Amino acid sequence: MVKIGDKVRFLNAVGGGIVRQITKDIAMVEEDDGFETPVLLHECVVIEPVSEQKSVGKEKQPHVMPVEIVPEKKEEIPILEISGGDRLNLSLAFVPDDIKKLSETPFNCYLINDSNYYVFFSYAVREKELWKIHYAGLIEPNLKLYVETFGHEHLNDIERVCVQYVAFKKNKGYALKNPASVELRIDTVKFYKLHSFKINDYFDEGAIVYPIVHNDVPEQSVRIPAAELEQAMKSKIGQDKAIHKPQAVPETKTNSAEILEIDLHIDELLDTTAGMDSADILKYQLDTFRKVLEENKRNKGKKIVFIHGKGEGVLRKAILNELNTKYRNFYHQDASFREYGFGATMVTIR
């Protein structure tokens, strides 16, 4: 049983320290560098209980001459470097507690340092117009570090995250790596789909892994100027007024009560995109969209959800253009936010 004040080491990672706080199943462990690291309780091994660190009592002792005590020099555990590890590789990974219960299980977020560098980093989440730090600290070379746990009720809160980092080595020369700030868009729809959690090199179970920097090259940050965002919102409101006139969707009998889901993410449509550029990929996605509508155009009342994701909005704009020009007799709207976030459009055949 881990208690506050116990000295522990980490079960699945290098390091350890003194337990300063325990909240549910998370222990805040103060390491030698002064940083407090959140660690799951079952990944802490007690090496010196707090009871053994306290004085056994103040019994009267005979007078003795003071003796100078030279503190024992702590031997630092050498870092094992791996071949090819001098290129910086960082990733953010999301792992479900119970992959068999995706509709209710919480998710764990980890930072993966697949390099021979120490990395100071911060992990922040976008809240309205500002950023809020969820974790800041140091990750050692060639390790994964637990960052946080969240439930389904907070999925939409992590759609925009930012990782800032500085890499270095201790007690030896190294090649400089430029500090960077990388913003990521997290496709929260994937958290509801079993096949989104891929086999990987870092966990025994499937995970959704987002690269932050690959072989020293940071992922391109997603940035939307405020003016462009405001204009897009105004355009969306105007479009809704022009297209979606206040009227009830016709109640018609359908051939099937089930909603047909079509995932237009290219990695769900093709095993490989080798030799294809962005224009080829968009054409293939739109051809699939048209084919599905043509196959179902006689199924009056049929509801089809096209999952396109948010991304840069190119595919969504192309789909809306098709619906507003070639398929104007079909009713369309944003699909359920609760089920799909902002990344899907529902079409009703009529």
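Trainee: Where does valine 217 lie, and is this residue buried or exposed?

Mentor: Valine 217 lies in strand S14. Helices (H or I, at least four residues) and strands (E, at least two) are DSSP runs, numbered from the N terminus. Because its relative accessibility is 52%, valine 217 counts as exposed. Buried means under 20% relative accessible area, exposed over 50%, and partly exposed in between (1.4 Å probe, protein chains only). The model is predicted: local features need pLDDT of at least 70, side-chain atom pairs count only at pLDDT 80 or more, and totals for chains, interfaces and linings use all residues. Residues are numbered from 1 along each chain as its sequence is written, and side-chain values use heavy atoms, with hydrogens and water left out.

Trainee: How many helices and strands does the chain have?

Mentor: The secondary structure comes to six helices and 18 strands. Of the 350 residues, 40% count as buried. Contact means heavy atoms within 4.5 Å. Among contacts between residues at least 6 apart in sequence, 64% join residues at least 24 apart.

Trainee: Which residues have a positive phi although they are not glycines?

Mentor: Most residues other than glycine have a negative phi. Here, asparagine 171 has a positive phi of about 60 degrees, and asparagine 215 has one of about 50 degrees. Asparagine 171 is found in the loop between strand S11 (160-168) and strand S12 (180-185), and at 74% relative accessibility it counts as exposed. Asparagine 215 is in the loop between strand S13 (208-214) and strand S14 (217-218); its relative accessible area is 30%, so asparagine 215 is partly exposed.

Trainee: How are two packed helices described?

Mentor: By the angle between their axes and the distance between the axes. Axes are lines fitted to C-alpha atoms, for helices over the stretch in contact, and angles run from 0 to 180 degrees between N-to-C directions. In this model, the axes of helix H4 (residues 278-296) and helix H5 (residues 314-325) come within 11 Å and cross at roughly 40 degrees. That makes H4 oblique to H5. Angles under 35 degrees count as roughly parallel, over 145 as roughly antiparallel, 65 to 115 as roughly perpendicular, and the rest as oblique.

Trainee: Which residues make the contact?

Mentor: H4 contributes Leu282, Gln285, Leu286, Phe289, Arg290 and Leu293, and H5 contributes Val314, Leu315, Ala318, Ile319, Glu322 and Leu323. They divide into nine nonpolar, one polar and two charged. Ala, Val, Leu, Ile, Met, Phe, Trp, Tyr, Cys and Pro count as nonpolar, Asp, Glu, Lys and Arg as charged, and the others, Gly among them, as polar. In H5, the residues Leu315, Ala318, Ile319, Leu320, Glu322 and Leu323 are buried.

Trainee: Where does isoleucine 307 lie, and what is this residue in contact with?

Mentor: Isoleucine 307 lies in strand S16 (residues 303-307) and is buried, with a relative accessible area of 1%. Leaving aside neighbours within four places in sequence, isoleucine 307 is in contact with Val189, Lys193, Glu261, Ile262, Asp263, Leu264, His265, Tyr340, Gly343 and Ala344.

Trainee: Is threonine 188 buried or exposed?

Mentor: Threonine 188 is buried, with a relative accessible area of 5%, and lies in the loop between S12 and S13. With neighbours within four places in sequence left aside, threonine 188 is in contact with Leu155, Asn156, Ile158 and Glu159.
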